[in-house]
Amino acid sequence: MSQLKAKADRRRGANGGGRRVYALLRAQIADGSLAVGAKLPSTRALAADLGVARSTVTVAYEQLAAEGFLATAPGRAARVAAPLAPDALAQAQPGSQPRLASVLSAYGQRVAGMELLTAQTSAAAPARIDFLYGAVAARDFPTLAWKRAYQAELLRQQPSLYYAAPEGDSGLRQALQGYLRRARGLACSAEQIVIVQGAQQAIDLCARLLLEPGSAYVFEDPGYVMARRCFEASGARGVAVPVDALGMDTSSLPFDAQVRLAYVTPSHQFPLGGVLPIARRQALLQWARQHNAWIVEDDYDGEFRYGQRPIDALQSIDADGRVIYIGTFSKALSPQLRLAYLVLPASLVPLFRKAKRLADRHAPVIEQRALASLIDSGAYERHVRRMRRENERRRSALLDAIRRRLPADAKVAGTAAGLHLVLWLPSLRPGHEPQLIAAARAAGVGVYAVSPLFARPQSAMPPRPAGLILGYASLTLAQIDEGMQRLADAIAALA
Ligand SMILES: Cc1ncc(COP(=O)(O)O)c(C=O)c1O
């Protein structure tokens, strides 16, 4: 035990006694220095040896016995009962592990086989100047207003803490109803609103509830991959509809009796940025009527339209109750809040409430109420107006830097709305995108390729240049300018 004592002496003072003795013994069992069957000293002897209270050692022994590492009996010395689980795992033969395919559901197998493309995986370190789309500046978050509203809700008396309603806080749904009428031209009732944890959960619920193997869905190509994957996971068949500068090309919508829904981003097509004109909106609604299909309208950044008032939501001209509207607070506040909402046709409300309850009971309550009070007080809309001005400045700086610093044939698309734009580089082919991205990253700049957002293979589409997606909502004006200079250098080196 002198070895034990030496180790305990080295760590003394770092943290609490019982946990330290426990960790020490457990480590010795794991590395075999205390073998199976080995007798441990009495609690009194070990306590004296380590210079700790006997009760400290007793607690550690009891914990190890409760976990099955020690065998203890009254009046007998404690013995090592079993090796640690990792050793047992290490000894397991490869063949003894279950084969995933035979123990997963069909849904699980589809998810296991998927590549979940997001702009930046959480493992990758951010670039020094990162044009990461979906990121917003932490300093833009209305910290003081949020803190005040959150604290007030935290201190509000509640008779008990029990689960809340699956559709979300009634105050937030009321506040949202007014906001959506003012900001998005939507005339809905608070009853139609279900609060969810991100547009992602809204999309996932749509996929689970409206699709199944044998059915089909329509999606924009290129489009939002994280939505497409939810629909794919349902086992339904996807039908890609091409996108042009105005958004989904509705003249290419399929005549397909199995289609149950179409997923669209009409206010600001992701990623190419088109704003769907009224004629196409009507064509899409007409097509949905003919197919008895739902339309999932993802209005992920509808607050951000520059120059003109944001265009009204597609749902505002839906006379049949076919459009499921999705809005999120990820762009105007933070993607880390995980707060978003569905505005449902009345016929779907009971179903989505049940599914939300099954998924996770409900969204976090204090956050919902804090948000409701920000909307009710007008602070939220003031914040959105400020963010629109702020991002308009960033967008202008980016356009200006592209004009001054990048090759003259570089073209931008999708600048009328949103928090990102697409940069086309006619001197390079799509095959150059990975090299360009790597060169930019080596120069401290994060940019993201357009090609992975296409579903159809390159060979099935008209030739196009290399394209990058540049998100600008998290950057300063100086970073935007420097980032474009560095990107220009990377392009020059490649060309
Ligand atoms: C098209 C689109 N829809 C939805 C989202 C994400 O929404 P949420 O954070 O609310 O899940 C994003 C995020 O970037 C997006 O680009």
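A: The protein is divided into domain 1 (2-92), domain 2 (119-134 + 384-494) and domain 3 (143-381), with bounds that come from an automatic or database domain assignment. This is a predicted model, in which local features need pLDDT of at least 70 and side-chain atom pairs count only at pLDDT 80 or more, while totals for chains, interfaces and linings use all residues. Residues are numbered from 1 along each chain as its sequence is written, and side-chain values use heavy atoms, with hydrogens and water left out.

The centres of domain 2 and domain 3, taken over C-alpha atoms, are 27 Å apart. In contact (heavy atoms within 4.5 Å) are 26 residues of domain 2 and 27 residues of domain 3. The size of an interface is often given as the accessible area lost when the parts come together. Between domain 2 and domain 3 the buried area (accessible area, 1.4 Å probe, that two parts lose on being put together, summed over both) is about 2,300 Å², and carbon and sulfur atoms give 62% of it. Of the area that domain 2 buries against domain 3, 26% is supplied by Val384, Arg388 and Leu453, more than by any other three residues.

One salt bridge (a side-chain nitrogen of Lys or Arg within 4 Å of a carboxyl oxygen of Asp or Glu) is found across the interface of domain 2 and domain 3. A salt bridge joins the side chains of Asp221 and Arg456, at 2.5 Å from N to O.

On the side of domain 2 that touches domain 3, helix H15 (379-405) and strand E13 (420-425) each supply at least two residues. Helices (H or I, at least four residues) and strands (E, at least two) are DSSP runs, numbered from the N terminus. H15 gives the most to this side, with 7 residues.

Pro222 is in the loop between strand E5 (216-221) and helix H11 (225-233). A cis bond also runs from Phe270 to Pro271, with omega near 10°. Most peptide bonds are trans.
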